[in-house]
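Open the model in your viewer and keep the selection panel at hand. The tour goes from stop to stop, with something to select at each.

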Amino acid sequence: MRRNFLIFLIISLLGMTGAAVMSGTAPQEVNLYSYRQPFLINPVLDEFTRRTGIKVNVVYAKKGMLEKLKAAGANTPADVVLTVDIGRLNELKKAGLLQPVRSAVLENNIPAHLRHPDGLWFGLTTRARIALVSKNRVKPDALKTYADLADPKFRGRICMRSGKHPYNVALIASVIAHEGEEGAEKWLRGVKANLARKPQGNDRAQAKAIYEGVCDIGIANTYYMGKMATNEKKPEQKKWAEAVRVVFLNQGGRGNHINISGAAVTRNAKNQVHAVKLIEFLSGDFAQKIYASQNFEYPAKAEVAIDPLVRSWGDFKADTVSLEKIATLRATASRLVDKVRFNEGPGS
Ligand code: FE
């Protein structure tokens, strides 16, 4: 009996070794470094594993992704990075931490303007940086362009978060792209003069300030409007959302500034094939629907429906200036913020 079991065990072990050799030595796993939050990513990763059998080891990072990846060098445990903002993707690219990917699935799912030409990064969603205006105190059509934000008629009526936050740096970079550095500086000085208070808080805090009557106009990313309007855990945020109206800017001209969330394969990825499979899955219908419905973002994949609440704000024309250009102008934008002392607020 015991001998039969021993033989069985040996045969089983040999079989397993054979299978391992046949399938290659790569383990069925992929390591993901994510700036995106667990509530959004976990259901997607679970489904990916269910469909492919590939396990995803995920590390959630808030800050220091670049530093950690640089420090790890060739020993990086991360195969895929998932992040928001073109600036972060570009920093990884510039540091030589990404590798080019060719994939028919990705090229089919993601429009060319939302991915790097050599496949160094792939945009998965877009978000527009819009104006939120007081429903009661700002007449329809009073504010139509980014240039209007600098118009003296809005003196003391605008709220913004820090000019150094990546979302605002990218917005200012887009103004530089269209109007040059001098034009952007003049504009930024005008916006600063119109501030109701020193830049502070996050995007949602600007809607709160409008609700409280501190100011009449704020700048925020579209999805925050959706998140406030549906916030059951913090119902006070529904009131902030109710107090404001979404205004897409520059609709008669260059279009509203947009940014992306995206993914990339690391240069030293040990599970390269699985890494590409994961990003392909993130660009597919299942994941794109979750981005749209759970986080109120615009799916990169054109065929995936936009959330009804997001659709209720209307269609908009997006600024098509290249994200690469935005990324390269970020340093200049950040310098302008310092130069005009934007974060010191009005009257400084
Ligand atoms: Fe955000």
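Does Tyr146 count as buried or exposed? Select Tyr146: at 1% relative accessibility, this residue counts as buried. Buried means under 20% relative accessible area, exposed means over 50%, and partly exposed is in between (1.4 Å probe, protein chains only).

Some ground rules. This is a predicted model, in which local features need pLDDT of at least 70, side-chain atom pairs count only at pLDDT 80 or more, and totals for chains, interfaces and linings use all residues. Residues are numbered from 1 along each chain as its sequence is written, and side-chain values use heavy atoms, with hydrogens and water left out.

**Stop 1: around Tyr146**

Stay on Tyr146, in the loop between strand 4 and strand 5. Helices (H or I, at least four residues) and strands (E, at least two) are DSSP runs, numbered from the N terminus. Now show the contacts, meaning heavy atoms within 4.5 Å. Not counting residues up to four places away in sequence, Tyr146 touches Arg129, Leu171, Trp187, Leu249, Asn250, Arg254, Gly255, Asn256 and His257.

**Stop 2**

Most residues other than glycine have a negative phi. Select Asn250, one of the residues that Tyr146 touches. Its phi is near 55°, a positive value in a residue other than glycine. Asn250 lies in the loop between strand 7 and strand 8 and counts as buried at 10% relative accessibility.

Next, Asp141. Its phi is also positive, about 75°, although Asp141 is not a glycine. Look for Asp141 in the loop between strand 4 and strand 5 (158-159). At 59% relative accessibility, Asp141 counts as exposed.

**Stop 3: the rings**

How many aromatic pairs does the structure hold? There are 5. Rings of Phe, Tyr and Trp (its six-membered ring) pair if their centres lie within 6.5 Å; planes under 30 degrees apart count as stacked, over 60 as edge-to-face and the rest as tilted. Select Phe248 and Phe316. Their ring centres are 4.5 Å apart and their planes are at 5°, so the pair is stacked. Phe248 is in the loop between strand 7 (244-247) and strand 8 (258-265), while Phe316 is in the loop between helix 12 (308-311) and helix 13 (323-328). The pair links distant parts of the chain, 68 residues apart. Phe248 is buried, with a relative accessible area of 11%; Phe316 is partly exposed, at 21%.

Then pick Phe48, Phe281 and Phe286, which ring pairs link into a cluster.

Move to Tyr35. Arg88 lies over the face of this ring, at 4.2 Å from the ring centre. A charge sits over a ring if NZ of Lys or CZ of Arg is within 6 Å of the ring centre and within 35 degrees of the ring normal.

**Stop 4: Thr126**

Select Thr126 in strand 4 (residues 122-134). Thr126 is buried, with a relative accessible area of 10%. Beyond its neighbours within four places in sequence, Thr126 is in contact with Leu114, Ile258, Asn259, Ile260, Glu297 and Tyr298.

**Last stop: zoom out**

Show the whole protein chain: 14 helices and 9 strands. Its C-alpha trace spans about 90 × 40 × 35 Å along the principal axes. Of the 348 residues, 51% count as buried.
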